[in-house]
Each structure stands twice: as structure tokens, then as C-alpha cells.
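Have the viewer open and follow along.

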Amino acid sequence: MSAKTKQEHNANAVIAIEHLSKAFGSLKVLNDLSLNLFPEENLVVLGKSGSGKSVLIKLIVGLLKADKGSIKVFDQDVTTLKRDELDVLRQKIGFLFQSAALYDSMSVRQNMAFPLERIRKDLDEKQRTEKIMEVLESVGLADAVDKMPSELSGGMRKRIGLARTIVVDPIIMLYDEPTTGLDPSTSDEISQLILDVQKKYKTASIIITHDIACARIVANRLLMIQDGTVYKEGILKDFETSDDKIIQSFFKSI
Amino acid sequence: MQERVNKKLSSIGDKILHWRDSVNDGLLNTGQVVLFLGNIFRESFTRHFEFREFLYQCYKIGYKSLPLISLTGAIMGLVLTIQSRPVMIEFGAVSMLPGMVSVSLIREMGPVITALICAGKVGSGIGAELGSMRVTEQIDAMEVSSVNPIRFLVVTRVWAATLMIPLLVLYADAMGILGSWAGTNIKGDVSFTLFCAQAFGILEFIDFVPALIKTFFFGAVIGLVGCYKGYHAGRGTESVGLAANSAVVVASLLVIVVDMIAVQITDMFTT
């Protein structure tokens, strides 16, 4: 790819991160990391525990402040946005937490309605209910609408967490270890769901994981973080055929 | 000799570094508290006030505390009456017992004991709830959903506590006077009308208003401390317990401090 074509290609990126650094005290977590996320692609970010994968997506959504570098989401630099501007930008981003982070004191219906009432103010009560049921059906849990989070299994919580995220029609999805703590069968179901969301809602996604089975199902492109920076970037085949010991150990560990 | 001097200097250096770290931590915490209070103040007066959540918190803090406050209020009045009765008889002032109990209850015991009970029940509840929401990333989830957690979680709870604690204190005072009437009738026979006439006849404006005003501050302190401790809880599950525990300890201590300041201020205007 020529430099000009590459520049044009990068200009399409929905997320463009350049020279990002983040440290907690003396511990450098991210060090001069750069990456792009393009429309409707699933980018899987791999790396060992503690390599800064989760920190990366928390920086993208403004939950943490970067020390250096820029994070442009739809050409808006998250590092320089004011609170109100960041809130508007966040309406286009969905974030599925590792623990699903369902609000314990609310039923599934209330969990779903919570962001919907505040972001999609154009919808009336009936339209909101229809939207909630439609999204719950798409994750296969319409029956759980009046259940409390404590009544749900780990897999169900992840599905509801995903449903709560996609109910406001985000353009970008950030998944923080979506299959961690689930059995292989449920993990595959969640991975398939991530793929369905990408197809149905045309989302661009960053999936943080160290679950290679999940990566195999969902990835359009992969990126490995090592020592706080991008160690390797490419498609699944590039990783599977790599002679690099670190990458091999990662892919052989399954 | 040189070695001893070096050791001494090194020990002094360590102490200075330790002292510097303590000062830094102190300044950081103070800054965090100021920022937190500033955010609450700013978010209290926006047009996006979460009124439904505020009403729900009023219900939780106010209505749900009624059984506990009823019991403690009534026992407070009963015990105060039974304990004071022998002394009042000794001084030949038993007819002043209802008045003395009502002044004690309304001026001091009702507000302070109710506030301390609420620091335990409400303060720890808020601290534990927000602490567990922090640990399980629910506060982060709220933030990424474009909902300001300070506005939704903190402002509603602080205002609900500020407004509900004074109401609970008034209710506890009423229950205390009822308890006192019951206590009077254990060894005597006083009608409720006569008891009320004796209890309220002695009360003046200055007994009632400063005591009521300080309860708003008690409520604010309980709400603020509970929210601050819970909102800034650490990441582990242990932090939830710590948040709840320190919310109770700090809120109780601040209630006593606020009471002391309120008494001094009232005293300035009455003497």
C-alpha cells in the first residue's frame, strides 16, 4: 500500500490512536501505542494479563486519562474533550464490561430502559418497550425481562449486558474480555453473538481477550500488545503461522 | 563515627520523605473532597435533576427508617423519664418532668441520637451500596452510558438524606414524648392532655428552631460521607466493607462535631 493510499485508508478510521502512553505511578502500562479501528470491523486485541488491554479501552471511552498521545474517535480527540462533549460522544460507543456490570437494584427491563430513557429521548414509552423486547429477543433472553440480575447465570448476565449496550444503537462496540469465566459452550455462544451484533448493527468493535477460540470466531483483524506497545498486527493466519515464540506460546496455550 | 553520622542522616532523610508522602496524600485527599463537593454543588442545580431517583431515595432513607426510629425514639423518652424521675422527686419538681424531658429531647437527644442511628443505618447503607457498585464496575457502566454518576447516585442521596433526617428527628421527638408519657404512667397517673400541656408549655422558639436547623446539617453530613466513602471505594471486595465502616465512623464523628459547633452558635445568640 502506498503512503498516500495508506493515509486515505487511515482517514476512514472510526478510532485512531497515536503514540498513546499510560502509567500508574512507576508502572508503565501503555508505551507509545498506535492503532486504528475501521468501520464495521472486529479488531481483536490480544495480550497477557496485565498487558494493558483493558486500560486501552478504558482510555478510549474516557474512563481513564491518557498521559501522552491522542485518541481520536470520529475525529474527536477524547483526551481534550470536556465532560459534556465526552457524554455526547459516548452515546455512539457501547462498552461491555468483563463483569457485565448490570445494575443490581434494577430488573432486566429497568437495566435496559436506563440508558434508553436518557439517550433516546425521542422514543415514547411504547417504543421503548418494543425496542427493549426486540433487543432482548436478538440475544435470546426475552423471557428474562422481569428478572433481577441476581437470578441470572454468568452467560445470561453477559447477554443482558450486551443487550443493554446495543439497545441505544452504538456505532462502536468495546468488549472487555467477553468470554472470561464462561464455559466453552457459552463462550462460543457469546462469540457468535458478537459476530451477529457486528452484522446486524454494522458496528466496529474492539474485542479485548486472551481467549483464542473467541478470537478465531470474531476477528477480522488481530493485534497483540506486549510491553505496552503493539507487538504484532495482522489477520488470524499471520498469527497462526508465525514463528515468533511469544505468539506461538499464546496460540499453543489453548 | 562517620558511619554513625551517615546512619543518622539517612534516618532523618527517610523521616522527611515519609512526612512528605503523608503531606502529599493529605493534600490529594483534600483536593478530592473539594472536587467531590464542587461536583455535587454543580450537579444539584442542573435541569437534568434525577427527581424520580431522589423520591426513591427519600422513600428508602425516610420511610424505611421509620420502624427503627420509632423504637429508638420511644425508648429514648421512656428511659430518660424513668432515669430522671427519682432526682426530680428528690427536688420536689416531679411536675416539671415532662417539660424537662421534652426540652432534652427536642434540643439535644432527639437530633443527636437519631442522627447517630441514621449514620449507622443510612450512612453505612449508602457507603456499601456505592462501594459495591464501584467494585462491580456499575458506576463505570453508568458513566459510559453518558449518565453522570454524581448526578444520579450522589446528588439524589445527599439531598434525600438532608431532607429526610430532619423529618425523622421530628418523628423521633414525637415518639420520645410518647415514650416519656408511657414512662410517667408506669409509676403515676397523668392524662395525655395534661402531660402534653406540661411538656410543650415550657418549650420556646429557641428550643425548637436551632435544633431543627442543625438536623439539616446532620443529614447533609451523613449523605455526603456515605456517598464519598462509597464512591471512592477501592477495587477489591474488601473495599466495600471498609467504605461502609468508615462511612459510619466518620459520619458519627462529624455529627458530634457539627452538634458542638451548632451548640456554640446557638449559645452566642441566647446569652
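Let us begin with A:Asp104, which counts as partly exposed because its relative accessible area is 40%, a value between the 20% and 50% cut-offs. Bear in mind that this is a predicted model. The side chain of A:Asp104 meets that of A:Arg157 in a salt bridge, at 4.0 Å from N to O. Distant parts of the chain are linked by this pair: A:Arg157 sits in helix 6 (residues 154-166) of chain A, A:Asp104 sits in the loop between strand 6 (93-96) and helix 4 of chain A, and the two are 53 residues apart. A:Arg157 is also partly exposed, with a relative accessible area of 21%.

B:Asp140 is buried, because its relative accessibility is 5% and the cut-off for buried is under 20%.

## Across the chains

Which residue of chain B forms a salt bridge with A:Arg83? The partner is B:Glu143, and the closest N and O atoms are 3.0 Å apart. This pair crosses between chains, running from helix 3 of chain A, where A:Arg83 lies, to helix 5 of chain B, where B:Glu143 lies. A:Arg83 is partly exposed at 31% relative accessibility, whereas B:Glu143 is buried, with a relative accessible area of 14%.

The pair also belongs to a network of salt bridges that links A:Arg83, A:Asp87, A:Arg90 and B:Glu143. Over all chains, the count comes to 32 salt bridges. As a general point, side chains of opposite charge can pair when their charged atoms come close.

## The largest pocket

The largest pocket holds about 1,200 Å³ of space. It is lined by 41 residues, of which A:Phe114, A:Arg118, B:Glu50, B:Val147 and B:Phe152 are the closest to its centre. Among the elements that give two or more residues to this lining are helix 3 (83-90) and helix 5 (125-138) of chain A, along with helix 1 (2-44) and helix 6 (149-184) of chain B.

Helix 4 of chain A gives the most to the lining of the largest pocket, with 7 residues. Sorted by class, the lining has 18 charged, 15 nonpolar and 8 polar residues.

## The second largest pocket

About 960 Å³ is the volume of the second largest pocket. Its lining has 29 residues, and those closest to the centre are A:Leu63, B:Arg134, B:Glu143, B:Tyr231 and B:His232.

Helix 2 (53-60) and helix 3 of chain A, with helix 1 and helix 5 (138-144) of chain B, each give two or more residues to the lining of the second largest pocket. Helix 1 of chain B gives the most, with 6 residues. By class, this lining has 12 charged, 11 nonpolar and 6 polar residues.

## A nonpolar surface patch

The last stop is on the surface. B:Leu253, B:Leu254, B:Val257, B:Met260, B:Ile261, B:Ile265, B:Met268 and B:Phe269 form a nonpolar patch there, with about 810 Å² of accessible area together. One of them, B:Met260, is found in helix 9 (residues 238-270) of chain B. B:Met260 counts as exposed because its relative accessibility is 51%, and exposed means over 50%.

Notes. Residues numbered from 1 in each chain as written. Chains lettered and ligands numbered in written order. Predicted model: local features only at pLDDT ≥ 70, side-chain atom pairs only at ≥ 80, totals over all residues. Heavy atoms only, no water. Patch = residues over 30% accessible without salt bridge, like charges linked within 9 Å, V, L, I, M, F, W, Y side chains within 5 Å. Areas by Shrake-Rupley, 256 points an atom, 1.4 Å probe, with all protein chains shown as cover. Helix = DSSP H or I, 4+ residues; strand = E, 2+ residues; numbered from the N terminus. Buried < 20%, exposed > 50% of the residue type's maximum accessible area, 1.4 Å probe, protein only. 1 Å grid on protein atoms, 1.4 Å probe; cavity = no way out; pocket = protein on both sides within 12 Å on 5 of 7 lines; lining within 4 Å. Points joined across faces, edges and corners; volume = space filled by probe spheres on them. Nonpolar A, V, L, I, M, F, W, Y, C, P; charged D, E, K, R; others polar.
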